[in-house]
Amino acid sequence: MQFSTASLMDINRAAFRKNEDVTAQEHFEGLEAESGAWWTVGAHEIPQQIVETIDDNVLALLPDGIGIISIDPHGNSNWTRSAEIQTDLDGEPRSYFIKATNFRSGRVMYHSEYESLKAMHHAVPGVCPEPIGWGQYASDPSVFFLLCHFVEIFSEPADPQLLPPLMAKLHQQAIAPDALYGWHVAIAGGRIPVIVDKSSSWEDFFTRYMRYMFRAEEIAQGLRAPEMERLVSLLFGKFIPRLLRPLETGGRGIVPTLLHTNLWDGNLGVKEDGDPIIFDPMSMYGHNEFDIGVWFHPRQKTGMTFVNNYHNFYPRSAPEEDSYGRYLLYTLAFELRVAATKVGNPLYRNEMVRYMTDLENRYPESYEEWATSRNEPVCPPKVDSGLMWPYQI
């Protein structure tokens with residue numbers, strides 16, 4: 001079975017059904033269906049053979065009459081195999097890029113990535129590889145694939161003068177069509193299927209997204225130490241309301257914009273013409289600053305130069321004085337997602353504790369105390385009605 005833009009339109013329209021009488025749900029059942037962090041690779045090895053020949057369902061997405069010249073390995077990953085397909089159509093050479101996996105979350109990974117690439121490329125052509133379709137192999141339904149037009153990408157450091165305005169353009173031009181935060185299919189948090197109901201409130205959506213990822217992280221890493229548990233309790237009870245509720249109260253507002261959500265160094269590249277390109281997205285609609293939080297991360301080569309250049313094209317959200325704290329929150333979210341896929345590695349928990357300790361030291365006031373000190377109305381959290389999932393993992 002293969003899917004393309006046209007064949008997915010009806011699926012996307014039906015991806016959610018709204019139930020006005022049901023509060024937004026926590027969808028942990030996909031994580032807890034089995035013992036252990038089933039989404040980690042472990043000893044599972046993706047066979048190279050799955051990209052050594054071209055499956056009939058892949059061939060069906062290529063133009064009629066195309067001639068296959070070769071399929072050769074290209075790129076690498078811990079949980080996929082990838083290759084360049086070189087072809088000829090009426091004497092004109094054409095190349096395509098395929099990635100495939102027989103890992104069990106392949107359906108979520110490639111459906112999410114296809115929808116992500118499609119939305120980004122539609123908003124800003126050339127910002128990412130152009131997707132063609134995704135699906136299952138006819139010869140082996142356990143194998144899922146994603147097919148794109150081939151782009152030669154060089155792993156050179158991103159240019160702080162070119163990448164920030166490109167991301168600002170994407171965030172300004174790709175606004176959620178339904179004005180809701182979230183995504184219309186399961187979000188791929190790496191190999192983790194992230195199922196979080198949509199919301200009209202960023203604080204509400206982000207809170208439930210983080211609760212989901214913390215549950216995945218706990219399954220992967222085990223019970224948290226008492227100090228970390230204390231900080232996690234403060235995160236949900238104090239830091240998130242203090243830093244995110246002001247974005248949507250007191251006459252301020254933000255809009256849900258298309259996010260990549262995984263803009264670490266390894267997903268940034270340069271095309272032959274020198275222009276930047278981004279790839280391997282795990283998109284959702286959210287606060288634009290969420291996307292560049294990872295540039296703030298000390299392990300990345302980007303840093304505050306990229307962040308500040310970005311804000312030359314997309315100003316900081318109000319209240320501007322909270323932007324540093326929001327970046328701490330969003331960098332924490334990036335570290336949390338990595339931790340959920342790295343069983344037994346203490347590095348990420350140590351970093352998460354450091355970020356949350358920094359938040360505790362910098363933001364001693366609760367949201368209620370902050371609002372009162374500014375003579376603003378104290379607003380309760382907004383919790384949406386459920387937008388319930390028929391999506392099957």
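Trainee: How many helices and strands does the protein have?

Mentor: In this predicted model, the protein has 11 helices and 14 strands.

Trainee: What percentage of the residues is buried?

Mentor: Of the 393 residues in the protein, 56% are buried. The protein exposes about 16500 Å², and carbon and sulfur atoms supply 51% of that area.

Trainee: What share of the contacts comes from residues 24 or more positions apart?

Mentor: Among contacts with a separation of 6 or more, such residues account for 73%.

Trainee: Let us turn to the strands. How do β4 and β5 run, parallel or antiparallel?

Mentor: They run antiparallel, and 9 bridges join β4 (residues 81–89) to β5 (residues 92–101). Within this pairing, E84 stands opposite F97 in β5.

Trainee: What do β4 and β5 form, and how many residues are between them?

Mentor: The two strands form a hairpin with 2 residues between them. In the turn, D90 has a positive phi of about 55 degrees.

Trainee: Which residue in β7 stands opposite I98?

Mentor: That residue is L147. β5 pairs with β7 (residues 144–149) over 6 bridges, in the antiparallel sense.

Trainee: What does M210 touch, leaving out residues up to four places away in sequence?

Mentor: M210 touches L235, F236, L332, A333 and L336.

Trainee: Which residues of helix α8 are buried?

Mentor: In α8 (residues 304–311), the buried residues are F306, V307, N309, Y310 and H311. They pack against α4 (163–173), α7 (288–292) and α9 (323–339).

Trainee: A change of topic: how many salt bridges does the structure hold?

Mentor: The structure holds 21 salt bridges. In one of them, the side chains of D178 and K198 meet at 2.6 Å, N to O. This pair links distant parts of the chain, 20 residues apart. D178 lies in the loop between α4 and β8 (187–189), and K198 lies in the loop between β9 (192–194) and α5.

Trainee: Is D178 buried or partly exposed?

Mentor: D178 counts as partly exposed because its relative accessibility is 35%. K198, by contrast, is buried, with a relative accessible area of 8%.

Trainee: What about D322 and R242: are both buried or exposed?

Mentor: Both are buried. Their side chains meet in a salt bridge of 2.8 Å, N to O. D322 lies in the loop between α8 and α9 and R242 in helix α6 (residues 226–244), so the pair ties together parts that are 80 residues apart in sequence.

Trainee: And where do R354 and E351 lie?

Mentor: Both lie in helix α10 (residues 347–362), 3 residues apart, about one turn of the helix. R354 is partly exposed, at 41% relative accessibility, whereas E351 is buried, with a relative accessible area of 15%.

Trainee: Which residues are linked in a network of salt bridges?

Mentor: One such network links E217, R224, E229 and R349.

Definitions and conventions. Residues numbered from 1 in each chain as written. Predicted model: local features only at pLDDT ≥ 70, side-chain atom pairs only at ≥ 80, totals over all residues. Heavy atoms only, no water. Helix = DSSP H or I, 4+ residues; strand = E, 2+ residues; numbered from the N terminus. Buried < 20%, exposed > 50% of the residue type's maximum accessible area, 1.4 Å probe, protein only. Contact = heavy atoms within 4.5 Å. Areas by Shrake-Rupley, 256 points an atom, 1.4 Å probe, with all protein chains shown as cover. Pairing = 2+ DSSP bridges. Salt bridge = Lys/Arg side-chain N within 4 Å of Asp/Glu carboxyl O.
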